[in-house]
Number of protein chains: 2
Amino acid sequence: MGHNGRRRIPEATVARLPLYYRSLIDCNERDLATVSSDQLAELAGVNAAKVRKDLSYLGSYGTRGVGYDVEYLLHEISRELGLTQDWPCVIVGAGNLGAALANYRGFGARGFRIVGLVDDASDKVGQTVGELTVEPMHTLANMVNERSISIGIIATPASAAQPVADALISAGIRSVLNFAPAVISVPPNVSVRKVDLATELQILSFYQLRGLTSGPALVVDRPA
Amino acid sequence: MGHNGRRRIPEATVARLPLYYRSLIDCNERDLATVSSDQLAELAGVNAAKVRKDLSYLGSYGTRGVGYDVEYLLHEISRELGLTQDWPCVIVGAGNLGAALANYRGFGARGFRIVGLVDDASDKVGQTVGELTVEPMHTLANMVNERSISIGIIATPASAAQPVADALISAGIRSVLNFAPAVISVPPNVSVRKVDLATELQILSFYQLRGLTSGPALVVDRPA
DNA sequence: GCCTGTGAACCTTTTCACAGCA
DNA sequence: TGCTGTGAAAAGGTTCACAGGC
C-alpha cells in the first residue's frame with residue numbers, strides 16, 4: 001500500500017472531494033456496487049489520473065482490476081469531509097440572496113442546516129422566511145452559542161461584509177462563506193470561502209471576448 | 001519594458017482581475033489618484049508580488065517609485081475583462097435561487113444585465129419577478145437571438161442542468177454559469193463556470209473538522 | 001486482461017530578490 | 001529613496017506511464 005497512512009491532503013484535492021462525493025451518491029442511487037476511476041472521472045468531470053491520485057491521498061481504498069466499492073468509498077469521503085456530523089449554519093442578511101439561501105434545498109441536505117437568519121434592518125426583523133424568523137444582529141453571539149453554530153454565511157451588501165465578519169468571528173465562528181462582493185480580513189485561524197457572482201461573470205466575459213474557453217473544458221463527450 | 005506586448009494571460013491571473021477591478025473602483029471612490037502594488041494587494045486580499053506579476057501580463061502600466069494610475073489601470077482592466085461592453089444574460093430556472101439572482105443588484109452592475117428569465121413549470125410562466133416576466137423554455141432560442149444574449153445562467157435543480165445546458169448551447173450561448181449542483185458536459189468551444197454552495201460548505205467543514213484553515217488565509221492584519 | 005497506486009516528468013503558479021527607472 | 005517589472009528559484013498541481021495485485 002505504499003507510503004500511505006497520514007499524508008497531508010493537498011488543497012486542490014480537498015476541493016474535489018465534494019465532487020466525488022456527489023458522483024458517488026449518483027452511483028449509489030443507480031445501485032452500482034463498484035466504480036472505476038474512469039467512470040468516476042466521467043461523472044465528476046475530471047480525468048481518471050486525477051481521480052486515482054486524489055483518492056490515493058485518502059488511502060488505498062480501491063481494488064486493482066475491479067475499481068472502488070461505492071458504499072465504502074462514499075463512507076470514507078463522508079468521514080473526511082465531516083458529513084457524518086451536523087453543521088448548523090447562520091445566514092446574515094435577509095435580502096433577496098439571504099432569503100433564497102435560507103429556502104434553498106440544495107445544500108446537499110446532509111449536515112448543513114440553516115438554524116438562524118439575522119438582519120439588522122428593522123423592517124426585516126420578525127419577518128418569516130421559510131421556517132425561520134429573522135432575528136436582530138445583537139442576538140448573534142447567543143444564537144451561535146446556544147445553537148452550536150459553526151458556519152456563518154454572509155449575504156449582505158459589500159459595505160456590511162467586514163463588520164458582519166467581525167461580529168461572526170467574535171461570536172466564535174471559524175468558518176465563513178462570503179457572498180458579499182468584498183474582500184474580508186480575518187485572523188489566521190478562520191477559514192473564508194467566497195462566492196462572487198460578478199467575478200464569475202467577468203471571467204466568462206474575458207474568455208468570450210477572445211473566443212477562448214476557460215479551463216481545460218475537456219468536459220466534452222456529448223454526442224450532440 | 002521587457003518582453004511584454006502580447007503574452008498569453010495565465011488563467012490564475014484572469015481569475016484575479018475582477019478582484020483588482022473591484023479594488024480599483026474602491027480607490028476611485030476614495031479619490032486616490034495612484035495606488036501601489038502594496039495597497040492594491042491589501043485591498044484585493046493577495047500579496048504584492050502577485051499583484052505586480054499579474055499586472056505585468058497586461059503591460060507596463062505602473063510608474064517606478066510611484067505606483068499605478070488608478071483611472072488608467074481601471075480602464076485597462078475593464079477593457080481586458082470586456083466590461084466596456086454589454087453582456088445580456090438569461091437565467092434559466094425561476095425558483096428561489098433564480099428569482100434571487102434576477103433581483104440581485106450585485107452583478108457589479110456594469111454590463112451584466114439580466115434580460116430574460118425562463119422556466120418550464122406552467123405555474124411559473126407568466127409570473128413577474130422584479131422587472132422580468134417568466135417565459136417558457138421553448139422561447140429560449142428566439143430570445144437569445146433577439147436580445148443578443150451571450151451568457152446563460154443555470155439556476156435549476158441538478159436533474160435539469162444538463163438538458164438546460166444543451167438547450168442554451170443549441171440556442172447559441174457559449175458562456176454558462178452553472179448554479180446547479182451537477183457537472184454538465186459541453187463542447188470544447190463553450191466556457192462553463194460553476195458555483196456550488198454545497199461544495200463550498202463541504203470544503204469549510206473539511207478544514208473546520210481538523211482545526212485547519214483553507215488557503216493562505218493570510219488575509220489578516222485587522223487590529224481586533 | 002483489467003484497473004489501481006504511485007514514482008517521475010511536466011506544467012502552472014507563487015514567491016523571491018534585485019536591477020532599473022522615477 | 002521608493003516602487004515597478006521580471007528573471008530565477010521554489011512550491012504546488014497535473015499528467016504520464018507502468019509496476020503490481022486481482
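B:Leu55 touches B:Tyr20, B:Leu40, B:Tyr68, B:Leu73 and B:Ile77, leaving out residues up to four places away in sequence. Contact here means heavy atoms within 4.5 Å. This is a predicted model, where local features need pLDDT of at least 70, side-chain atom pairs count only at pLDDT 80 or more, and totals for chains, interfaces and linings use all residues. Residues are numbered from 1 along each chain as its sequence is written, chains are lettered from A and ligands numbered from 1 in the order in which they are written, and side-chain values use heavy atoms, without hydrogens and water.

B:Leu55 is also among the residues with the most contacts inside the largest nonpolar core, which has 106 residues. Such a core is a set of buried Ala, Val, Leu, Ile, Met, Phe, Trp, Tyr and Cys residues joined through side-chain atoms within 4.5 Å. Buried means under 20% relative accessible area, exposed over 50%, and partly exposed in between, with a 1.4 Å probe and protein chains only. Helix H1 of chain A, residues 11-29, gives the most to this core, with eight residues. Helices (H or I, at least four residues) and strands (E, at least two) are DSSP runs numbered from the N terminus.

Now to A:Ser23, which lies in H1 of chain A. Is A:Ser23 buried or exposed? At 4% relative accessibility, A:Ser23 counts as buried. Its side chain reaches the backbone oxygen of A:Leu19 at 2.8 Å. Apart from neighbours within four places in sequence, A:Ser23 is in contact with A:Leu40, A:Leu43 and A:Ala44.

H1(A) also packs against helix H3 of chain A, residues 48-58, at an angle of about 105 degrees, with the axes 10 Å apart. Axes are lines fitted to C-alpha atoms, for helices over the stretch in contact, and angles run from 0 to 180 degrees between N-to-C directions. H1(A) is therefore roughly perpendicular to H3(A), a label for angles of 65 to 115 degrees; under 35 is roughly parallel, over 145 roughly antiparallel, and the rest oblique.

Last, the strands. In chain B, an open sheet of seven strands has the order E6-E7-E5-E4-E8-E9-E10, with mixed pairing. Strands pair if DSSP finds at least two bridges between them. E6 (128-129) and E10 (191-194) of chain B stand at the edges with a single partner strand each, so one side of each has no neighbour in the sheet. In chain A, five of the five residues of strand E5 (114-118) are buried. Four bridges join strand E4 (89-92) of chain A to E5(A), and the two run parallel.

Conventions
Polar contact = N/O pair within 3.5 Å; in protein donor to acceptor, adjacent residues only side chain to side chain.
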